Amino acid sequence: MRLLNRPLGRLSRHRRGPVAGLLVVVLGLLLTGGLYAALSPASAQTDNSAKLIKQGHQLFLVGCSFCHGTNGQGVKTLDGNQLGPSLVGVGAAAVDFQVGTGRMPAVQPGPQIPQKEVTYTPDEISALAAYVASLGPGPAIPNPSDYSLNGLSDQQLQEMIAKGGQIFLTNCTACHNFEGSGGAMPKGGFAPKIRGVDPKYIFEAMLTGPQAMDTFSNGNLSVDEKRDIVAYLQSLQDNPDYGGFGMGGIGPVSEGLFAWIVGIGSLVGVAIWIAAHTARSTTRKDSEVEDTQHEWEKAEHR
Ligand code: HEC
Ligand code: HEC
């Protein structure tokens, strides 16, 4: 009994000791912390995006603040022009489009900022986008399911191309031409050729309306309608021509000129041909007249 009692006594003395209490508290805290971290992914994400925004702001200060201001508020030059517009409320989609297509960072002001080699990695672009999105609510970067054409049946695709062609005709051809070949704009600008543009950037261009382009929000042109346009532009790229003589696809001017020169030209040709034939029959009459004259002369000689 003594032998058994002694270890038991020691154990309970340990249990009541101050170190044991501390251990229980520490274990409890660890457990609560672990459970909290495991069950609240939302707060973990906020930490993540706060980090992304901060990283984006650092990149922004180095590469963009010169024209857009240290807080994206825009910079006015002394003569009242914009060195760079305010980016408050342009949204992540505008940054993804402008930086992803190599338009931003601009090198120098001009009537239209040209596309250059893309200077930021995809990770840096999403950091910049997160920072600008944090300045004010604006269009987010679209989900791939909004513009992707993967997994569609041939028939679905044909229907989308037909619908997209109609929507494109009413909304986009004024600037980008019927075949998406682009065209000139006022003040030294131009609407670019848009065949072969990444579907994501087609979607974002509509969503954000860069430079002189109109903005087509999702309320204005639904996500499905935008995807129809993507399908139409993709089909132009797959069959770049409808066959025949495309005449550069630059629209009514060349087509009118074609009708003028070839149409009216061939009418003139036919007229000349008819005239030539009429002339020949007159000649025959002349010879007939000569023949009768000869006969008359012959008759006189007789
Ligand atoms: C040399 C000056 C300059 C620099 C540097 C510059 N920008 Fe710009 N940015 C402009 C100008 C000018 C415009 C307006 C362009 C236009 O309308 O064609 C513009 C437009 C934009 C737009 C489109 C705004 C809208 O209304 O849709 C975004 C987004 C943008 N810039 C982001 C950036 C980011 C991000 C950087 C840094 C990586 C950057 N810019 C660097 C001058 C600059
Ligand atoms: C008022 C004229 C105008 C209309 C209408 C217009 N665009 Fe644009 N679009 C432009 C201009 C100008 C640019 C070039 C902007 C820039 O470089 O900053 C552009 C750029 C684009 C780009 C980017 C091309 C690239 O190489 O990155 C796409 C894609 C595009 N437009 C698609 C469309 C679609 C689709 C429609 C119809 C829903 C449309 N646009 C309607 C003028 C227009």
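Visitor: What should I know about the model and its numbering first?
Guide: This is a predicted model, in which local features need pLDDT of at least 70 and side-chain atom pairs count only at pLDDT 80 or more, while totals for chains, interfaces and linings use all residues. Residues are numbered from 1 along each chain as its sequence is written, and chains are lettered from A and ligands numbered from 1 in the order in which they are written.

Visitor: How many helices and strands are there in the protein?
Guide: The protein has twelve helices and four strands. Helices (H or I, at least four residues) and strands (E, at least two) are DSSP runs, numbered from the N terminus.

Visitor: And what percentage of the residues is buried?
Guide: Of the 302 residues in the protein, 22% are buried. A residue is buried if 20 or more other C-beta atoms lie within 10 Å of its own, exposed if 12 or fewer, and partly exposed in between, with C-beta atoms placed from the backbone.

Visitor: What share of the contacts joins residues 24 or more positions apart?
Guide: Such pairs account for 65% of the contacts in the protein with a separation of 6 or more. Two residues are in contact if their C-beta atoms, placed from the backbone, lie within 7 Å.

Visitor: Which residues touch the most other members of the largest nonpolar core?
Guide: They are A92, L128, A129, V132 and I202, in a core of 39 residues. Helix 3 (41-63), helix 5, helix 6 (122-133), helix 8 (154-171), helix 10 and helix 11 each supply at least two residues of this core. Helix 6 gives the most, with eight residues. Domain 1 (44-141) and domain 2 (142-240) each contribute at least three residues to this core. A nonpolar core is a set of buried Ala, Val, Leu, Ile, Met, Phe, Trp, Tyr and Cys residues joined through C-beta atoms within 7 Å, and the domain bounds come from an automatic or database domain assignment.

Visitor: What is L128 in contact with, beyond its neighbours within four places in sequence?
Guide: L128 is in contact with G56, L59, F60, V95, V99 and Y120.

Visitor: Why is helix 6 largely enclosed?
Guide: Nine of its twelve residues are buried, so helix 6 is largely enclosed by the rest of the structure. The buried residues of helix 6 are I125, S126, A127, L128, A129, A130, Y131, V132 and A133.

Visitor: Turning to ligand 1, which residues are closest?
Guide: C64, C67, G84, M104 and P105 are the closest of the 24 residues that surround ligand 1; a residue is near a molecule if its C-beta atom, placed from the backbone, lies within 6 Å of it. Helix 4 (65-68), strand 2 (82-84) and helix 5 give two or more residues to this shell, and helix 5 gives the most, with four residues.

Visitor: What classes of residue make up the shell around ligand 1?
Guide: The shell has 17 nonpolar, seven polar and no charged residues. Here Ala, Val, Leu, Ile, Met, Phe, Trp, Tyr, Cys and Pro count as nonpolar, Asp, Glu, Lys and Arg as charged, and the others, Gly among them, as polar.

Visitor: And ligand 2, which residues are closest there?
Guide: Ligand 2 is surrounded by 26 residues, the closest being C172, C175, A205, Q211 and M213. Helix 9 (173-176) and helix 10 (199-208) give two or more residues to the shell, and helix 10 has the largest share, four residues. By class, the shell around ligand 2 has 18 nonpolar, six polar and two charged residues.

Visitor: What do the buried residues of helix 10 pack against?
Guide: They pack against helix 5 (91-100), helix 7 (144-147) and helix 11 (223-238). Nine of the ten residues of helix 10 are buried, so this helix is largely enclosed by the rest of the structure. Just after helix 10, G209 takes a positive phi of about 55°.
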